[in-house]
Amino acid sequence: MAHEEINSILEQEAEAVRNIPVTPGYEEAIALIVEYVHERGGKLITSGMGKAGQIAMNIATTFSSTGTPAFFLHPSEAQHGDLGIVRGNDLMLLISNSGKTRELEELVSLTRGLVPEMKFIVITGNPDSPLAAEADVCLPTGAPKEVCPLGLTPTTSTTVMTVIGDILVVGTMKRIHFTNKDYAKRHHGGYLGSKSRRQSENEQNDNL
């Protein structure tokens, strides 16, 4: 693959990130996460199908490691009993590029049958979609064109979904004043665990 082609892909991906719509929805979504998880004692439940589901799973693990309990719920498995994880003070984050994912539409309906007052945050490329209409907060991706030469494979769309998830994670960390010490308690192993413990020790020494 030529350097020019690689640079073109990098530029398309970067441009898609730069063009993510910045809306008041981010502050609204973070406020919901703080209220339901940190004030009401619930958890953040993420969901999506296919590649969007993998992004939803990554967002859940990142939230959990940074002080916000989160769980990935597969929308199909939810129909076979896993919906039982959902409780009254929880909050749902759904990801669908089309905003028309059948399994997620069904998940919304089933969840409302169990917890009628459930709040939904939706990340989608189609703010006029059925899922967006169900959302309490809709975060549009900007519907970037995929860098896949067929224009089909989720590539650029999953990049921007990941970035939107990062914005929510970082914004929530700042709202709850998450520290190195807090991180070290949740991430003991590996390089990041040792680094967070060193930084926590340094912070403690600075405060002496």
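A crossing of two helices is right-handed if the near helix is turned clockwise from the far one by less than a right angle, and left-handed if anticlockwise. The legends below use that term for a predicted model.

**View 1. Overview of the chain.** The chain holds 9 helices and 5 strands. From the N terminus on, the elements run α-α-β-α-β-α-β-α-β-α-β-α-α-α. Of the 208 residues, 42% count as buried. Among contacts with a separation of 6 or more, 67% come from residues 24 or more positions apart.

**View 2. Helix α1 against helix α7.** Helix α1 spans residues 3-18 and helix α7 residues 156-176. Their axes come within 9 Å and cross at roughly 45 degrees. This angle makes α1 oblique to α7. The crossing of α1 and α7 is right-handed. On the α1 side, the contact is formed by Q12, E13, A16 and V17. On the α7 side, T156, T159, V160 and V163 meet them. By class, the α1 contact with α7 has 4 nonpolar, 3 polar and 1 charged residues.

**View 3. Helix α3 against helix α7.** The axes of α3 and α7 come within 10 Å and cross at roughly 20 degrees. That makes α3 roughly parallel to α7, because angles under 35 degrees count as roughly parallel. The crossing of α3 with α7 is right-handed. From α3, the contact takes in K51, A52, I55, N58, I59, T62 and F63. From α7, it takes in T158, M161, T162, G165, L168, V169 and T172. The residues of this α3 contact with α7 divide into 7 nonpolar, 6 polar and 1 charged.

**View 4. Helix α7 and its cover.** Helix α7 has 21 residues. From first C-alpha to last, α7 reaches 31 Å, close to the 30 Å expected at 1.5 Å a residue. The buried residues of α7 are T156, S157, T158, V160, M161, I164, G165, L168, V169, G171 and T172. Helices α1, α2 (25-39) and α3 (50-65) are among the elements that cover them. Strands β3 (91-96), β4 (119-124) and β5 also belong to that cover.

**View 5. Helix α3 and its surroundings.** Helix α3 has 16 residues and reaches 23 Å from its first C-alpha to its last. That span is close to the 22 Å expected at 1.5 Å a residue. Buried in α3 are A52, G53, I55, A56, I59, A60, F63 and S65. These buried residues pack against the helices α2, α7 and α8. They also pack against the strands β1 (44-48), β2 (70-72) and β3. After α3 comes G67, with a positive phi near 95 degrees.

**View 6. The loop residue A143.** A143 is found in the loop between β5 (137-140) and α7. Phi of A143 is positive, about 50 degrees, although the residue is not a glycine. With a relative accessible area of 45%, A143 is partly exposed.

**View 7. H177, following helix α7.** Helix α7 is followed by H177. H177 lies in the loop between α7 and α8 (180-186). Phi of H177 is positive, near 60 degrees, in a residue other than glycine. H177 is exposed, with a relative accessible area of 63%.

**View 8. The strand residue S96.** S96 sits in strand β3. At 2% relative accessibility, S96 counts as buried, because buried means under 20%. Leaving aside residues up to four places away in sequence, S96 touches T101, L104, I123, T124, G125, L131 and M161. One of these, M161, is also among the buried residues of α7.

**View 9. The helix residue A133.** A133 has its place in helix α6 (residues 130-134). A133 is exposed, with a relative accessible area of 66%. A133 and G99 are 34 residues apart along the chain. Their C-alpha atoms are separated by 9.2 Å.

Key
Residues are numbered from 1 along each chain as its sequence is written. This is a predicted model: local features need pLDDT of at least 70, side-chain atom pairs count only at pLDDT 80 or more; totals for chains, interfaces and linings use all residues. Side-chain values use heavy atoms; hydrogens and water are left out. Axes are lines fitted to C-alpha atoms, for helices over the stretch in contact, and angles run from 0 to 180 degrees between N-to-C directions. Helices (H or I, at least four residues) and strands (E, at least two) are DSSP runs, numbered from the N terminus. Angles under 35 degrees count as roughly parallel, over 145 as roughly antiparallel, 65 to 115 as roughly perpendicular and the rest as oblique. Contact means heavy atoms within 4.5 Å. Ala, Val, Leu, Ile, Met, Phe, Trp, Tyr, Cys and Pro count as nonpolar, Asp, Glu, Lys and Arg as charged, and the others, Gly among them, as polar. Buried means under 20% relative accessible area, exposed over 50%, partly exposed in between (1.4 Å probe, protein chains only). The expected span of a helix is 1.5 Å times one less than its number of residues.
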